[in-house]
Amino acid sequence: MSKWILQRKAADYAGLSAKLGVDPVIVRLMVNRGLSTYEEMKEYLHPTLNHFPDPHLFADMDLACELLMEAIDEGIKIRVVGDYDVDGIMSTYILTSAIREAGGDVDYAVPHRMVDGYGINPDMVQQAYDDGVGFIITCDNGIAAAPAIELAKELGMTFVVTDHHEVPFELAEDGETKIQNLPEADAVVDPKRDDCNYPFKGICGAQVAWKLAEVLFEFLGLEKEASDKYLQFAAIATVCDVMELKGENRSTVYHGIKAIEATDNIGINALLARNELKGKPIGCYHLGFIIGPCLNASGRLDTAGRAIELLMEEDQGKALSMANELVELNSQRKNLTQLGIDKARDMIENSDLNKDRVLVIYIPELHESLAGIVAGRIRENYSKPVLVITDAEDGAKGSGRSIPAYNMFEELTGVKDVFTKFGGHPMAAGVSLPKEKIDELRTRLNERCTLTEDDMQEVIKIDCDMPLSYISEELVDSIDMLAPFGTGNTKPLFALKNVPILKAAYIGKEGQYLRLTVGTENGNVMTAMMFRNVPEFEAAVNTKYGADAWSKVCAGQDTGVKMDIIYEPSINEFRGNRSIQILVENFK
């Protein structure tokens, strides 16, 4: 069962409410998200692009652009090497387009997930050299590519890294101090460098690429607006790479969504049209769960080059055909993913895996590109860190997804001798290892693990205990001012105890959802929608109120059934009419 925590933080709610001209509830929501001053809240309610830090603060940023300018002036062939996920796709598009606009002789390459694995490798460097490339610049990878960079330098190539991942490190003799191991590239632009003065560290690779484009255009004497065209691509990457929607990231996504809705990029327009989103309001959900997976499917089941080609396509008919292919690929990916999730659950429930605090699940037949998605879904189900490992061309590969109390990158670093390759974030990682080391990995990670039961319990943070009668259309519209919602800026959640459940009806094509009629404090009724955990809700009613209680609720009989709920207020719009309803997110 999940743990509910009501957030209680002190603030001058009345004063800030009056000064900002918003309901005190809105102030509370902002305080709960770490804001404390009038200035911070004003920027939050009205995000701008004017308060971003100076991109020159990045370590090696000016040097990287100077090296690029020299290569462009000398006509040296440049290759952008990206990654196969959405962030890598967007980063590759941004850098390739910017360098081409700057007059550079540039092409791009993206590792094939199955053949090359994550990031640039020596084979890709050798191929670039054989193709006459003299300058390589990475994006969304490279910080851990020491062997590839070493070969490039031996071949006399210029090598620039742009990345946002953690810098590889080793521990000093005291066993605690981290010593970063920067690759021996000509320039390394990564906010995670200890000596990088750029203050906002939590940006994605596409955001770093956009910053570099801005400085490069500045060196060319172009106005800042020349690089603003890349805002929409950085926004998509920020959401799909699950960056926290705070500060700079939130402003990027807020304005990026507006840019996407009005985009003139033929490829993005084709993808929006194919998913029936063209002309409709776009939110983080659409980027993260509709557009992003279509782009990602190219790198999972084929090559990410197909997604980059779509973004660069200038023929509308060809773009629509390409977008359709990506949508079909994503449908295949969904089916294969569900098979993997079902297999993982079966293994956990029917083996001693269910006793582990760190789940290391070996599914040899699973398509290796789907391991991360399966790991994420299993993590959600069990609230434990998860590594899903599959067979690969050379040994085994895996992807991990973690929980807040477990820094996966650091824990994997502690057993790095098991891997042939690894990298990632505190919350996610990728690994390569010999098959015979899988059991050892499972054993050692669990021996090192210090997670407690509390650490592994799902925690739901409640913003406010708010009566249903307090909800108004104006309040819901005001809550929308806090969007876009996502990681680090979650949708506001409210709670209420002993809510009368007056009637229930199954809805949806397969009757998998519920429409509830609930009673409010002032004697009125309201519609409550439930889109998940419906069987559990039904069982909970019968358990507490009797075996036939649920059937009576469905018949609209007075049963006295009450539930504690966590909910999200919303507006239902139907045929021009607007009505208040709530979405039930959890219950007890």
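1. Let's start with the sheet in this predicted model. Five strands form an open sheet with mixed pairing, in the order β9-β10-β11-β13-β12. At its edges sit β9 and β12 (421-424), each of which pairs on one side only. From one strand to the next, the twist averages 15°.

2. β10 and β11 run antiparallel to each other, joined over six bridges.

3. Next, have a look at helix α17, which covers residues 438-448. Its buried residues are Ile438, Leu441, Leu445 and Asn446. Viewed down the helix axis, the buried residues of α17 fall within an arc of 115°, so they line one face of the helix.

4. What do the buried residues of α17 pack against? Their partners include four strands of the sheet in point 1: β9 (359-362), β10 (386-391), β11 (396-401) and β13 (428-433). Helix α16 (408-413) is also among the elements they pack against.

5. A separate spot to check is glycine 15, found in helix α1, residues 13-20. Is this glycine buried, exposed or in between? Glycine 15 is partly exposed: its relative accessible area is 30%, and the partly exposed class lies between the buried limit of under 20% and the exposed limit of over 50%. The C-alpha atom of glycine 15 is separated by 9.8 Å from that of valine 27, a residue 12 positions away along the chain.

6. Now for the overall picture. The protein has 20 helices and 20 strands. Its radius of gyration is 25 Å, close to the 25 Å that the globule rule gives for 588 residues, so the protein is as compact as a globular protein of that length. Along the principal axes, the C-alpha trace spans about 80 × 55 × 55 Å.

7. A few totals for your own notes. Buried residues make up 51% of the 588 in the protein. Among contacts with a separation of 6 or more, 66% come from residues 24 or more positions apart. The protein exposes about 26,300 Å², and carbon and sulfur atoms supply 49% of that area.

Note on methods:
Residues are numbered from 1 along each chain as its sequence is written. This is a predicted model: local features need pLDDT of at least 70, side-chain atom pairs count only at pLDDT 80 or more; totals for chains, interfaces and linings use all residues. Side-chain values use heavy atoms; hydrogens and water are left out. Buried means under 20% relative accessible area, exposed over 50%, partly exposed in between (1.4 Å probe, protein chains only). Helices (H or I, at least four residues) and strands (E, at least two) are DSSP runs, numbered from the N terminus. The arc is that of the directions from the helix axis to the C-beta atoms. Contact means heavy atoms within 4.5 Å. Two strands pair if DSSP finds at least two bridges between them. Axes are lines fitted to C-alpha atoms, for helices over the stretch in contact, and angles run from 0 to 180 degrees between N-to-C directions. The radius of gyration is taken over C-alpha atoms; the globule rule is 2.2 Å times the number of residues to the power 0.38. Accessible areas come from the Shrake-Rupley method with a 1.4 Å probe; for residues, only the protein chains shown count as cover.
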